[in-house]
Amino acid sequence: MGLRQVWRFNSFRRTNVILQHLGMSKHTDAAGEVLLERRGCAGVITLNRPKFLNALNLNMIRHIYPQLKNWEQDPETFLIIIKGAGGKAFCAGGDIRVISEGGKANQKIAQDFFREEYMLNNAIDSCRKPYVALIHGITMGGGVGLSVHGQFRVATEKSLFAMPETAIGLFPDVGGGYFLPRLQGKLGYFLALTGFRLKGRDVYAAGIATHFVDSEKLDMLEEDLLALKSPSKENIADVLDAYHTKSKIDQDKSFILEEHMDKINSWFSANTVEQIIENLQQDGSSFALEQLKVINKMSPTSLKITVRQLMEGSSKTLQEVLTMEYRLSQACVGGHDFHEGVRAVLIDKDQSPKWKPADLKEVTDEDLNNYFKPLGSNDLKF
């Protein structure tokens, strides 16, 4: 195994370690899980579960959503800032173990969680006040949904972005079907299918973040934003731009995938997972084979759902995408692979999920169509 392969394998393993944190959140103080404060000219949201990498749960969503709406209407609130406590993570994703356990017990948690999470994602997108997400540290899954739809996203050298859902029998949700196909070339398809992790300035280079700031300057940046008097969107952008311009960390480093982008665009232009895999096999380079090895670990059903989700999402509005993703979320919770992925990564931690079907050939168009079916009166409505 070459150095690249070792790095890629370790990267996959570290993603699983992060996912494991999302299953540890049984007994926390509900009242303090998210802090909501008016400070200076801003409403400040602090995700406050540092022991669990600020994993997002239903209680947090139910606190954030109404406060976001209140601040949006408040003439004294000029911007909204969201950040994570503890320094390790902005938000490492949704609280998936609780969702899996609830789904298996036929509880409403899986319906409520995804419905209300996606409503919050939409509210962030449509928010009439400038929304600044400080995506310092781990930002995955649900954490991406809390940030990427906002007007401003500030990364640091410690930012770590990934959408690793195909590894747990899910798909890159929270509007992934909207923003991923809109990244440069086929980068979004690559990130969605492999769960590849972007770090530091690469999060900005990929278009996930709008600005890059040295982590040691993050507190100063926040204070400067809070000190603004009745700021316009342009005033806020000026402050962010000034910090971005002054940041020298990795300034001259090229994007980690730069040398591979032409090939990524070619490989992932295929309309089917099978053709993407064939493209990687035919290429045969060490980078192509690394990606092939990773994709082969993923749920075959998740891979097929994801390709169709991104293809359809590329021409839909965010609300249309979130409606589609809500259907997909409920079908996944009602199926086998999501619970098996959670078992393998979070509960037994054997990292050996037994996918059903285990082969791409066995995932039929009819199976796929069932995942995308409208839910009638249970559909997500805005």
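I started with Arg 308, which lies over the face of Phe 372, 4.1 Å from the ring centre. This is a predicted model, so I read every value here as computed from predicted coordinates. I then looked up Lys 186: its charged end sits over the ring of Tyr 189, at 4.5 Å from the centre. Tyr 189 is one of the buried residues of helix α7, and that sent me to the helix.

**Helix α7.** How many residues of α7 are buried? Eight of the eight are, so the helix is largely enclosed by the rest of the structure. I noted them down: Leu 187, Gly 188, Tyr 189, Phe 190, Leu 191, Ala 192, Leu 193 and Thr 194. After the helix comes Gly 195, and I found its phi to be positive, near 70°.

**Aromatics.** I got six aromatic pairs for the structure. One of them is Phe 190 with Phe 268, edge-to-face, with 5.6 Å between centres and 80° between the planes. Where do the two partners sit? Phe 190 is in α7 (residues 187–194), while Phe 268 is in the loop between α11 (261–267) and α12 (273–283). They are 78 residues apart, and the pair links distant parts of the chain. I checked burial too: both Phe 190 and Phe 268 are buried. The two also belong to one aromatic cluster, together with Phe 196, Trp 267 and Phe 287.

**Strand β5.** Next I went to β5, residues 131–135, where five of five residues are buried. In a regular strand, side chains alternate between the two faces of the sheet, so I sorted the residues by side. Tyr 131, Ala 133 and Ile 135 are on one side, Val 132 and Leu 134 are on the other, and all are buried, which leaves both faces of β5 covered.

For its neighbours, I found that β5 pairs with β3 (residues 79–84) in the parallel sense, over three bridges. Ile 82 has Ala 133 of β5 as its bridge partner. β5 also runs parallel to β7 (residues 152–155), joined to it by four bridges. There, Ile 135 has Ala 155 of β7 as its bridge partner. Ala 133 and Ile 135 are on one side of β5.

**Cysteines.** I counted zero disulfides. For Cys 127, the nearest cysteine sulfur is that of Cys 41, 14 Å away, against a cut-off of 2.5 Å. Is Cys 127 buried or exposed? Its relative accessible area is 13%, so I logged Cys 127 as buried, the limit being under 20%. Cys 332 is in no disulfide either; the nearest cysteine sulfur, that of Cys 91, is 19 Å away. Cys 332 counts as buried because its relative accessibility is 4%.

**Lys 356.** Last entry: Lys 356, in the loop between α16 (337–347) and α17 (365–371). I put Lys 356 down as exposed because its relative accessibility is 58%, and the limit is over 50%. Which residues does Lys 356 touch, not counting those up to four places away in sequence? I found Thr 301, His 336 and Asp 337. I also looked at Pro 300: it is 56 residues from Lys 356 in sequence, yet the two are 8.2 Å apart in space, C-alpha to C-alpha.

Technical notes:
Residues are numbered from 1 along each chain as its sequence is written. Side-chain values use heavy atoms; hydrogens and water are left out. Rings of Phe, Tyr and Trp (its six-membered ring) pair if their centres lie within 6.5 Å; planes under 30 degrees apart count as stacked, over 60 as edge-to-face and the rest as tilted. Helices (H or I, at least four residues) and strands (E, at least two) are DSSP runs, numbered from the N terminus. Buried means under 20% relative accessible area, exposed over 50%, partly exposed in between (1.4 Å probe, protein chains only). A charge sits over a ring if NZ of Lys or CZ of Arg is within 6 Å of the ring centre and within 35 degrees of the ring normal. Two strands pair if DSSP finds at least two bridges between them. Contact means heavy atoms within 4.5 Å.
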